Amino acid sequence: MLLRAAATLIPRPRPAVLPSTVVEFSATASVTAVAAYNAVCGFPLRSTMPATYPHIMAFGPTMRLMSGGDFPFPVVGLVHIANSYVVHGPLPLGASLDFSVVARDLRAHRRGRQFDVVTTASLDGSVVWEETSTYLRRGKTTAEVAADADDASLDGPPSAVLRFAADAGRRYAAVSGDYNPIHTSRLGARAFGFARPIAHGMYTLARVLAATRVSADAATARFRSPILLGRSAELRATSAAAEVRSGERVHVFVELA
């Protein structure tokens, strides 16, 4: 998968629009795989999988979609800036889920262009989970776009301090399949201007949910700034939202339902 992603950096003509391809597949979450994921992210082991785990099940097919020759951008360099999910029904361990993945809504962003990857999972013909992941391709904007208005933050003392271990990127990669070197290697991180590897956005979201609302049926996370591994950050939470912050800098803000 890493080699396939790297191959997208080879210069070649690219389309100006997203592909209309809908990737469909079935997958089963084993107890062993989910237990390993839960141990890394801090979730308790239950008879159902965490709400973020279908994202892991769909990661490989999603990367194949995004690294195809008909995709308008190289995978390397895309920035995951937001993620939202809704759980509509139980996600039992051992059940075979039917997935569909499609890229939609290529549009302007003040720092380039952005698009969504929409994933749904069905069980016995009924949709039980939906996700929208938003990615940014940095570059010149193609239209006048207002600055981000998303400056929400939470007041009050932190409810916990989250430690992001130096090896968290490698440990999360082992249970997620996401071996992006920006998260696992100092050299990979330095290639993108970071002194050390940074935390996966979905790992940070999982840590927030594990520490606050394990059973949240819906969440919207905005990944605002990177978290360097080997450091700690403060967690603040209410019944409706949570954030991870260092000083005045909010790294991730999550709306919960």
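Strands here are DSSP runs of E with at least two residues, numbered from the N terminus. The model is predicted.

**Strand 1**
- Strand 1 spans residues 23-28, and its covered face is made up of Val 23, Phe 25 and Ala 27.
- Glu 24, Ser 26 and Thr 28 form the uncovered face of strand 1.
- Six bridges join strand 1 to strand 3 (residues 96-109), and the pairing is antiparallel.
- Within this pairing, Glu 24 lies opposite Ser 100 of strand 3.

**Helix 2**
- In helix 2, Val 34, Tyr 37, Asn 38, Val 40 and Cys 41 are buried.
- These residues lie on the same side of helix 2 because they cover an arc of only 160° around the axis.
- An α-helix has 3.6 residues a turn, so residues three or four places apart point the same way.
- Thr 32 and Ala 39 are exposed, on the face of helix 2 turned away from the buried side.
- The packing partners of the buried residues of helix 2 are helix 3, helix 5 and helix 8.

**Helix 5**
- Helix 5 runs over residues 168-176, with Ala 168, Gly 169, Tyr 172, Ala 173, Val 175 and Ser 176 buried.
- Its buried residues pack against helix 2 (31-41), helix 3 (53-57), helix 4 (59-66), helix 6 (181-184) and helix 8 (201-211).
- Gly 177 follows helix 5 and has a positive phi, near 85°.

Technical notes
Residues numbered from 1 in each chain as written. Predicted model: local features only at pLDDT ≥ 70, side-chain atom pairs only at ≥ 80, totals over all residues. Heavy atoms only, no water. Buried < 20%, exposed > 50% of the residue type's maximum accessible area, 1.4 Å probe, protein only. Helix = DSSP H or I, 4+ residues; strand = E, 2+ residues; numbered from the N terminus. Pairing = 2+ DSSP bridges. Contact = heavy atoms within 4.5 Å. Arc of directions from axis to C-beta.
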